[in-house]
Amino acid sequence: MQQKSKLVLQALKSSIPRLGKCMPKQHVNHCNFADHGYSRIKLKNYHLSKCLQNKPTISELARNIPSRSFSCKDFLPVKQENEKSPSENMDAFEKVRTKLETQPQEEYEIINAEVKHGGFVYYQEGCCLVRSKDEEADNDNYEVLFNLEELKLDQPFIDCIRVAPDEKYVAAKIRTEDSEASTCIVVKLSDQPVMEASFPNVSSLEWVKDEEDEDVLFYTFQRNLRCHDVYRATFGDNKRNERFYTEKDPSCFVFLYLTKDRRFLTINIMNKTTSEVWLIDGQSPWDPPVLIQKRIFGVLYYVEHRDDELYILTNVGEPTEFKLMRTAADSPAIMNWDLFFTMKRNTKVIDMDMFKDHCVLFLKHSNLLYVNVIGLADDSVRSLKDEKSVPMTIFHKTDSEDLQKKPLLVHVYGAYGMDLKMNFRPERRVLVDDGWILAYCHVRGGGELGLQWHADGCLTKKLNGLADLEACIKTLHGQGFSQPSLTALTAFSAGGVLVGALCNSNPELLRAVTLEAPFLDVLNTMMDTTLPLTIEELDEWGNPSSDRQHKNYIKRYCPYQNIKPQHYPAIHITAYENDERVPLKGIVNYTEKLKEAITKHAKDAGEGYQAPNVVLDIQPGGNHVIEDSHKKITAQIKFLYEELGLDSTSVFENLKKYLKF
């Protein structure tokens, strides 16, 4: 049986904070808060009884940065007044299903950032930031707040919107597809909305309101992919913009998170293994910040708040008992500080809630797809070397016959403790419509089965992820899902490590491969400390510069280091000219070395050998991964159909229904 992964919520007695009287300023390692100290509290026994069921989503750990979100739905102790009953939720679900089943396919599109606040919905319409009344959000009746063309950017889009508490201001983070740099604009909301300010290179941002009802914007500044500085700004008659915090540890990054109830702003300082959180009172943002727990190597934790209670989710420790004791001098704003620690990881193989929206979108026509989740039961996939059960998720049409003759597209990632992305994409829907099988392999190194699942696939255990991927593909073929000559493998960014390694070790399992911004030269990249992410990622890949064991282990699996003269699957690589996360140089070197090995093998194989195609498509711009690039999508699909010898007559006509060329 798969061992349960256990997470424990714990606070250490030596350094739990309170809001109230400040002690004298103390030195804090790696930190520089301007003229602020931090305070502590007294502890006594208190029985802990509440459990959390959600795992944290770690932000910005991977080379491809996902968004961070918390969900409180599983640990709310009381029913909300506006909470819908199960029957009402089911009615809503059926309405969505009906709408999807009757909606023309041409109306599918990917939606940009959207935020509901008060009675309005804020979103992007065309090239404008707009808002409309909540009940009119689906109509064309909206108010234009800002025209993005004023920024003189090439095809700008909004990827984050934050509205000030009393709706006097709205802040939007704007970027382009060919760059990761973001500009934050602040718009004053009035009869004639006007841009009050703009800030370059903003990563995260949140609003709070001070005691005098003044809106305060906190934001983080990013330089060379490193986010170390926190600023706070006010607008109107009392304009100011000051640096509030600077992180000194180069392996850490900083991001802001506003608790679900908007009561506290948290400054999260973390790297791959360690975190530290400072708390800012959302009602007194000028007061000194409060340290929750000083960073301890190997300890990760996150903070949420509800009904005057802090919820602290961490990866270490055992359940304990204590009570936070308050005195008359303590801040009256915080009452009944109860901390609840114990959390057991949801041990379902795949939680359907994780991708139910994705399934709903795929289920536009009744019974279009069959979802097969290979779980941790007797029929589960087992990694060949150590008998570790590995979950997979499979999609295909329910009316598919003779699945062994259908093309198969396998997805993998397996790094940074991140879940493999299974979000709805138009091109995936088109492939399934055309008879493809889509398989998602949740290998070790990812986060699907908890922190231990990640630990078992990083550093000197990275080969576990490769063994899992090999076992998944062999199991798919063994259970009648396609065959090697019709199998393609796809990945992006750090997922390229496992794909490249499999191409070296077991190329006969595949016919074709598509990669986007792949990480292929692990050894040379991790030995170059001048690159922006090398120091930050030592805990994921190892330190080959100073640790011989790490260096020798990386050499065993590094795709670039293990290229050899042999038959390879056809490979299509999309790279970006100014990608700061995965340098183009490493991808070019890999491609050239691979072509040389293929040429040598072709010469040795003699006349009649057909060498595989290797395509390197270098796109302009400085982004890392561009999901909505129509050029990239069509190039990859065209490559797959040609290499697998499939008829593409209908696939591009269907693709046009979803993508606006």
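The model is predicted, so local features are given at pLDDT of at least 70 and side-chain atom pairs at pLDDT 80 or more, while totals for chains, interfaces and linings use all residues. Residues are numbered from 1 along each chain as its sequence is written, and side-chain values use heavy atoms, with hydrogens and water left out.

The protein chain has twelve helices and 33 strands; these are DSSP runs numbered from the N terminus, with helices being H or I of at least four residues and strands E of at least two. Of its 661 residues, 55% are buried, where buried means under 20% relative accessible area, exposed over 50%, and partly exposed in between (1.4 Å probe, protein chains only). The chain exposes about 29400 Å², and carbon and sulfur atoms supply 47% of that area; accessible areas come from the Shrake-Rupley method with a 1.4 Å probe, and for residues only the protein chains shown count as cover. Taking contacts (heavy atoms within 4.5 Å) between residues at least 6 apart in sequence, 66% join residues at least 24 apart.

Moving inside, the largest nonpolar core has 84 residues. Such a core is a set of buried Ala, Val, Leu, Ile, Met, Phe, Trp, Tyr and Cys residues joined through side-chain atoms within 4.5 Å. The residues with the most contacts inside this largest core are Val 410, Leu 469, Leu 489, Val 522 and Trp 541. Beyond its neighbours within four places in sequence, Val 410 touches several residues, including Ala 439, Cys 441, Leu 469, Ile 473 and Leu 489. A second, separate core holds 17 residues, among them Cys 160, Ala 171, Leu 205 and Tyr 231.

Tyr 231 also belongs to an aromatic cluster, together with Tyr 169, Phe 199, Trp 207, Tyr 219, Phe 221 and Phe 235. Across the whole structure, 16 aromatic pairs are found. Rings of Phe, Tyr and Trp (its six-membered ring) pair if their centres lie within 6.5 Å; planes under 30 degrees apart count as stacked, over 60 as edge-to-face and the rest as tilted. Trp 436 and Tyr 641 form a tilted pair, with 5.8 Å from centre to centre and 50° between the planes. This pair links distant parts of the chain, 205 residues apart: Trp 436 is in the loop between α3 and β29, and Tyr 641 is in helix α11. Both residues are buried.

Charged side chains meet rings as well. The charged end of Arg 131 sits over the ring of Phe 120, 4.2 Å from its centre, and Lys 593 lies over the face of Tyr 560, at 4.4 Å from the ring centre. The rule here asks for NZ of Lys or CZ of Arg within 6 Å of the ring centre and within 35 degrees of the ring normal.

Helix α6 (residues 495-505) has ten of its eleven residues buried, so it is largely enclosed by the rest of the structure. Val 497, Leu 498 and Cys 503 are among those buried residues.

Most residues other than glycine have a negative phi. Leu 225, in the loop between β12 and β13, has a positive phi near 70° and is buried at 7% relative accessibility. Arg 262, in the loop between β15 and β16, has a positive phi near 65° and is partly exposed, with a relative accessible area of 36%.
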